[in-house]
Every structure is written in structure tokens, then in C-alpha cells.
Amino acid sequence: MPDHTTTLNVSGIDREYSRKKILLALMLPLAMSLIAVSMVNVALPSIEKGLGASSSDVQWVLSGFALMLGMVLVPAGRLGDVMGRSMFLVLGIIVFNAAALACGMASDPTSLNTFRLVQGLGAGMIGPQAVGIIQQYFQGPQRTRAFAIFGMTISVAVAIGPLLCGGIIEVLGGEVGWRAAFLVNVPIGILAVIAAALWLPWGRERQFFAVLTRHRINTGELDPKLHDKPEVPDVPGTAPGFHVDLDPVGMVLLAGAVVTIMLPFINSDHPLVFLLLPVSAGLFLAWLRWEKAYRARGREPMVDLALFEHSTYVNGTAVSGTFFLGSTSIFVLLALFAQEGLGVSALMTGLIGLPNAVISGASAMLVGRYAYTYARTILIGCHAFIIVGVLAMGVTGYLVAHEGVSYWWLSLPALIIGIGQGGIGSCNQTASLMDVPAVMGGAAGGVKQTAERVGTAVGNAIITAIFYTILDLGDWATAFIAGMGGVLVFIVASALINIHDRRVNGPGVEG
């Protein structure tokens, strides 16, 4: 007898699928895209030297990717919900890896930045599909375990990116090393496409193309004598007459709002760019009004605003977005302090963060076992670990700079932070998405990840601004401590939102 906790059947497909293989097929491309995000920080000096790039060019290696990623997350989630998540996941992998190959062969800064935009597009197609597929095919405690693996993958991938890139550059040298760091994605991507093709259910895709075939027969594009006339399945967003309701106006309005809020913070060379912030607010309000009116006319909006009626989702997204305001800057500060302030190599800087990668992955898996019952309680403890770790990181930075303590001691607070990071990634994913209907899974994942990307852009800008402002007035250690102080403010704010969420929605999914 098959174990139905590890296998599933999909309507219209005469085979069983392994949930373990589904998760592996999802985690491969997710890890690949996240490693590509975190490793580039270490490669920037080599890129600048190898291509003769200006500081503005180098900044856009990061900024262009982040902008495109943030812009496409929600539309990509919606497209996957309607036309098939497995299909869009594979398309995202192909786009991402073709761009990675092109990045590794780039001959000048302009072409590199163009390919990075395309790579951001591919990454933005991958994330929402992974969340949506978990929402669709995993329920209850199974979903909790899946999100624990999801959180582990995020924690480990982000943390090992700099180490992997630093090691490649150390072995191959700067000129070849940064190119090889991009190219290493290609074989992973090939494996990811094969795994997705073999192991993921393609049920929605079959439904969608059945609707397309029916439509083409009805309009005379296909000869009904040569094709079976399929029954019209229930595909949300696709009417029987094959009007695919993708809400393009809603997509454009939200993409504009995301870009205009992120751009001032990730490329703030000119103060006037901050005038885009009221533009962003206006676009966001226009998007909300459009989506509400679109639904009132009986259409299918890109994001059903009923999603925000789930307090678990709203609060969980707020916890995550606020957390990302601070958490993603921790290792940016550590890299600046270690490499530029202490003269530590890129490889050694990556090794300082290795304990964080190991413990965050272990933490995600361990606490994920209990997230279904105690997610929001566990999140309080995870925030506490990060607060203690950030305080310890500031103190250790001072001792390293002024008391001759070895820089390897920075690994200890990084390890403490990792305990909390892994748990938050695992538990908050469960707590925020468990009440979201599966049909909204891709769009919901896209909205949540967009909040995280905006939080990353805004937080990095604020905290690095604090760092460099204090550096102009003092020394590296003082700037490092000040930056960690900024991180601490955002982590505490995230913890307070989490405490409120627990009071409203109980300790876990079961209340």
C-alpha cells in the first residue's frame, strides 16, 4: 500500500507523485536563485577590476537584479496560478540560467547589467511558484514540514553564497573567478529543469491547454474531426470562452509602485530620486482601487483583495517585511567591516558566516516540526536569539578592532543569529500562509516575497547610510556598531508585530 502522506494523486493524471521528489524539484531552483543573490556582493571588486566598471556600473549589478525581481514576483505568481505553476517554474529556471551563462561571458558593464536584469526576471518567476506548489499539494502538518525545508533552503543558500563565490575567486583568481561564479549556476539549472519535468505535477497546465484546445476548436482554428473536444475544466481566471483574465492594468500599476519605492533606496545617487516615493504611494493606491473595481465588474484581479482579509497572512507578511528591513543587512555590514575594515579576504569572510549557514538550516528543520502548533510562540524565541546575536556582534566587533581579539570570534554571534534566522524562515512561512486558499498560493507568495524584497532594499539603504555616516565621523568599529544598532531597531519592531499576531491568532495554526 502506498504511503499517502508521501505520495499524491492529481486529477486527470494517471500516476502517483512523490512529495519528497516534488520538494527536491522546488528547492533546487530556489537555492540556485538565492545563492546568486548573496554571492554577488563578494564578487563586486573582481567585476569592477575585470570589466573596468565604474562604481555606478557595479551598483547596478545589484540594483538591476533587485528591481526586476521585485517587479515580477506578483505577476509571475498570478500567471502560475492561472496557467500552471510547474510550467512557469521551468520557464523561470531557463530564463535565469540563460542569463547566468550570458553574465559569465559578458564583455562590458552594460551587457552584464542587461543580463542581470534578465536573471532577476527568471528569479522572480521561480519563488512564487515554489510557494504556490507547496500550498497546492501539501496540507496541514505536511505543509508545515514542507515550509520547514523551504526555510532551511533559504537560510543555507543565502549564507553559503558568499562562501562559494569567495572560494571560487580564491582558487581561480579574480578575472576568471567572478565569471565562474555565474557559470556554476548552469549545471544546477539543467538538473533543476530535468527534476521539474519528471517530478512535478503538471495538472493545471493540462487543464489550461484543454481550455485552449476547446477555444481553438470553437473558433475554427482546429478541425474538430482531427481533435477530441475536451470538457472545459475549472481554471480560475479562464472563462469557458477562453478569455484569460490576467489583469494587465493591475500588473502594470503594482509593478510601477514596487519599482518607484525600491529605486530611491537601491540607487540614491541623486536626492531628487526620492521624489519617486509619493509617486509610488499614488500608484499603490491606484492599484488597490483598480483591483477592487475589477472584482466588482465580475473579473479576476491579479491579486484578490480578499487575501488581505486573513489576519494571519497580513500579520505574517508584516513580520517578514519588517524583519527583512534589518536581517539582510547583518552580513552586508559584516562583509564591509571584515574586508574593508580588517583586511580579511573574501574567502575568510565567507568562512566566518559558515556556522550561521549550518545552524540556520538545522534550526529551520528542528523548529519546523512544531510550527503547526506553536509557530508564533517559536517566532518570539527566534527574535530573541537574533536580538542577543546582534548585540553580541556589536560587542565582538569592538573587541576585534580595539582589543586584539581574533576576527574568528565574529562567528559566534553569527551562529546565535543563525538559530533565530532559520526558525523565522520556517515558522513564519507556515503561520502566514496556512490560511491562504491554494488557488491564491502563487499570488500570495509573490506579495509576501515582494514585501521582503522591498524591505531588503529599504533596510540596506538605511543601515549602510548609518554605517558610512558614522564611518566619516569615527572608525570602522564604531560604524559597525552603529549599523548593528539600526538592524536591532528593525528586529525589535518585527518581534513586536509577532507578539501582536500571537495575541490575535494564537500560538500556532491550530490556535
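This is a predicted model: local features need pLDDT of at least 70, side-chain atom pairs count only at pLDDT 80 or more; totals for chains, interfaces and linings use all residues.

Student: How many aromatic pairs does the count come to?

Tutor: The count comes to eleven aromatic pairs. One of them is Trp178 with Phe182, an edge-to-face pair with 6.1 Å from centre to centre and 90 degrees between the planes.

Student: Why does 90 degrees make Trp178 and Phe182 edge-to-face?

Tutor: Because planes over 60 degrees apart count as edge-to-face, and the planes here have 90 degrees between them.

Student: OK. And how are Trp178 and Phe182 placed in helix α6?

Tutor: They are four residues apart in helix α6, which covers residues 174-183, so about one helical turn separates them.

Student: What about the rings of Phe308 and Tyr313, how are they arranged?

Tutor: That pair is tilted, because the planes are at 50 degrees; the ring centres are 6.2 Å apart. Phe308 is partly exposed, with a relative accessible area of 33%, whereas Tyr313 is buried at 0%.

Student: Switching topic: which residue lies over the face of Phe138?

Tutor: That's Arg19, at 5.7 Å from the ring centre of Phe138.

Student: Now holes! How many cavities of 30 Å³ or more are there?

Tutor: The count comes to one cavity of 30 Å³ or more. The largest cavity has a volume of about 50 Å³.

Student: Which residues line the largest cavity?

Tutor: Its lining consists of Arg85, Ser86, Ile133, Gln136, Tyr137, Pro201, Trp202, Gly203, Arg204 and Glu205. The elements giving two or more residues to that lining are α3 (85-104), α4 (109-137) and α8 (203-218).

Student: And what classes are in the lining of the largest cavity?

Tutor: There are four nonpolar, three polar and three charged residues in it.

Student: What about the second largest pocket, how much space lies in it?

Tutor: About 370 Å³. The second largest pocket has 15 lining residues, and Leu254, Val258, Phe284, Val447 and Thr450 are the ones nearest its centre.

Student: Which helices supply at least two residues each to that pocket's lining?

Tutor: α9 (248-266), α10 (276-296) and α17 (441-473) each do.

Student: How many charged residues does the lining of the second largest pocket have?

Tutor: None: by class, that lining has twelve nonpolar, three polar and no charged residues.

Student: One last spot. Where is Ala482 found?

Tutor: Ala482 sits in helix α18, residues 476-505. Ala482 is partly exposed, because its relative accessible area of 23% falls between the 20% limit for buried and the 50% limit for exposed.

Student: What is Ala482 in contact with, leaving aside its neighbours within four places in sequence?

Tutor: Ile466 and Ile470. Ile470 is twelve residues from Ala482 in sequence, and in space the two are 7.2 Å apart, C-alpha to C-alpha.

Definitions and conventions:
Residues are numbered from 1 along each chain as its sequence is written. Side-chain values use heavy atoms; hydrogens and water are left out. Rings of Phe, Tyr and Trp (its six-membered ring) pair if their centres lie within 6.5 Å; planes under 30 degrees apart count as stacked, over 60 as edge-to-face and the rest as tilted. Buried means under 20% relative accessible area, exposed over 50%, partly exposed in between (1.4 Å probe, protein chains only). A charge sits over a ring if NZ of Lys or CZ of Arg is within 6 Å of the ring centre and within 35 degrees of the ring normal. On a 1 Å grid over the protein atoms alone, a cavity is a set of points where a 1.4 Å probe fits but cannot get out, and a pocket is an open set with protein on both sides within 12 Å along at least five of seven lines; lining residues have an atom within 4 Å of a point. Grid points are joined across faces, edges and corners, and a volume is the space filled by probe spheres set on the points. Ala, Val, Leu, Ile, Met, Phe, Trp, Tyr, Cys and Pro count as nonpolar, Asp, Glu, Lys and Arg as charged, and the others, Gly among them, as polar. Contact means heavy atoms within 4.5 Å.
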